[in-house]
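Hello,

The structure we discussed is below, with the sequence. My notes on it follow.

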Amino acid sequence: MLVRSFIFSVFLLFGLCQSASATTRALLVGASDYDNSFGIADLKGPANDIQLIKEMLDKRGIDAVQMLLDTLGEDKKPTKANIMAAFARLARESEAGDLVYIHLSGHGSRQPDLNGDETDGLDEIFLPSDVKKTPQGSQSVPNALVDDEIGAALDKIRDKGASVWLVMDSCHSGGGFRDVSRFSASRNVDPETLGLNLGELQASIGNEKGDEVTSGPEIEGRGGILAFYAARSSEVAKEIDLSEGKAKDDRSWFGLFSSTLVKTLERYPNLTYRQLFQAVLSDINNNASLGVAKLQTPSWEGDLIDSPALGSKQGKARRAFLVKGDALEAGLVHGVQKGSLVGLIGSDLTSEDYLGYAQVEEVETRSSYLRPVARDCEPNANALCARSGPLLQEARFAHLIAQPRNQVIRFSPIFNLETEHPLKAGDPLVSIFSEELQKASDLVGISAAQSEAAYDVQIILDQDHLWFGPKATIGKKPVGLPLLIDRNLKTEFPKALSSILKRIIRAEFFAKSMNALASDGGLFNEPPVRISAEVAASRPQDLISSSEAGYSPQRECRGAFKNMNLKDKAALDAGQDLKQCDYLEFDAKGSAGNAMDVNRIHIDPKYCIHADYELVEGDASAKRLGDPMFICSDCPAPYNYSAGYERVFVIASKTQDNRESLNLTGLVENCFDDRDARSVSERSRDLEQGLNAVLQKATQSRSTMSFSSAVSDVWVDEFQWRTVPKDFVLDQ
């Protein structure tokens, strides 16, 4: 895909919101008129797409728009040179806080990947109007716009602090699909038409691919990125005649994805990007007149998914799931459980005026099935509510309203670090903790309790701090998540404690559920993707005392990185000790013929959940999962990393046609700051209603065949390590 940056992030410090003085810029490219001499067919829809989008932008008051069309002058034609010049202009003119919208409509195809960064061995290419047939013996299509080139151009814009939304209404499938309707056409050119025999070329490339890309730290202040793709790389994107042959010219032909996108933005102007994407996908799937066009499955990637679309006024960003009949396109991996209660809505994803209510009566890994119920239904996995009326056929989406409580997160008593004994029951701190734990449990919707015999979270009292962790000490040093205590503060301390407890409950619920699926998933079949975790160790002599004047963790780790030998990376052992500035990376190696959604979910020592997603489409090479990590055991504010116990879960699932990718970015995170596009209160509200719950262990159906089939298409790998305090290393 285009937006995956090949550089890693030491510390991520950029906001996703636009400032009040920010400018929205746009580049709209429509390539329709191609050289037909070697078999490329002209397209009818791209020019219409661009005009439609321009009108939509005009209505929103966006006038900084560049258009490249075949009908314009030579300097405005959608040639490769003109497209690259337009990218460069955007990079020159953009400023921090700007939003840049780029829309590419035209043919797409594929060519051999020469630098080894594609898991299927193929680069996706967009075909400008001046594309040429490939000379014999060459591996690159002349004047094609390669995904790597687009990614590099977008990075230059983002380096200015501007965020980018890319929409590509083209396709790259080289299959033998043929249209069966005269009212639709494919935006795809078979590589053989371009003079490429992919099978022979990929075999001849062999191991002669370029060196592994190794680059320095992420540029501080870089803008965000989001990409919408009209179809997966194995599919074709469609353009359709909206008049179904009634029009006498080509003005009724549009890209299916582009036209649906604009229609949705105009009908619902205040959507987030996630809501916009879901609405477009639902429209495509529910439009019976499209026929074979329903084979098209849009996808997305990037970090702006929950921001307001096109800088619009913030709509309600509550997470919704697609509904079709009695099927809900969400399951265990989305936090849905047997007995969950949902509210049904129509086409407006921002609405909370529910058409009716339903309860989940069967749950699988990625989907579930509903029964209509009354509003006063009390969620209970063991005793479902009575049916109430028929399912509403006009329901398009559902909000998760309430969850049954099947899982309990157990906290230890508060242990004194020095005595190693629990505080006595009469201690005021014990009373405050007990009260706030119950409140946090009620707000999150996940049961929590204290237990001295067995617990998930240990609590240590060290002078004026409480420390939380799976184990909250390393040696005699407290580690994990600290909370400052002020026993005289009657309002602020309980408030801070409640916030911490909600975060921990969510993270531990996630970890418990993941552990359950990790232990069960491998029973049924071999995973079609192999995950590896490798470590390059920093040299102890390169570490700097955090008390040194002017100490900077970036400077420390940059220096340590320069002295590392990345060729000597070693596999991460279970429970291994890592130290400050160690370098850790995760990779996925797919299998032939399988396209996999792969999520890397990291729970850091402070119980913050971080999500990264990659699409893995073959076995030609390994795919980097998320940005590599620098281990940061003793970093001061604002980074707030610490020593302690860390966990990574990797979820892999086969992609499914006409369904949203299993991309958990923005759905499981539990730590936010005020630079997020959604306010802390809004995101907390979503999670408090159970939306962060992932992979709930289906204990009620564990013994049934339905559970076996439910987990058979999802695989989980777990990695654990211990990040030791830096003074342990420096003392040695």
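The whole structure contains 3 disulfides (a disulfide being a pair of cysteine sulfur atoms within 2.5 Å). In one of them, Cys377 is joined to Cys385, with 2.1 Å between the sulfur atoms. This disulfide is right-handed because the torsion about its S-S bond is about 85°.

This is a predicted model: local features need pLDDT of at least 70, side-chain atom pairs count only at pLDDT 80 or more, and totals for chains, interfaces and linings use all residues. Residues are numbered from 1 along each chain as its sequence is written, and side-chain values use heavy atoms, with hydrogens and water left out.

Next, the helices (DSSP runs of H or I, at least four residues, numbered from the N terminus, as are strands, which are runs of E, at least two). Helix α1 (residues 46-59) and helix α5 (residues 256-267) have axes that come within 10 Å and cross at roughly 15° (axes are lines fitted to C-alpha atoms, for helices over the stretch in contact, and angles run from 0 to 180 degrees between N-to-C directions). That makes α1 roughly parallel to α5.

On the α1 side, the contact (heavy atoms within 4.5 Å) is made by Asp49, Leu52, Ile53, Met56 and Lys59, and on the α5 side by Ser258, Ser259, Val262, Leu265 and Glu266.

There is also a closed barrel of 6 strands, in the order β13-β14-β17-β16-β15-β18, with antiparallel pairing (two strands pair if DSSP finds at least two bridges between them).

Regards

Note on methods. Parallel < 35°, antiparallel > 145°, perpendicular 65-115°, else oblique.
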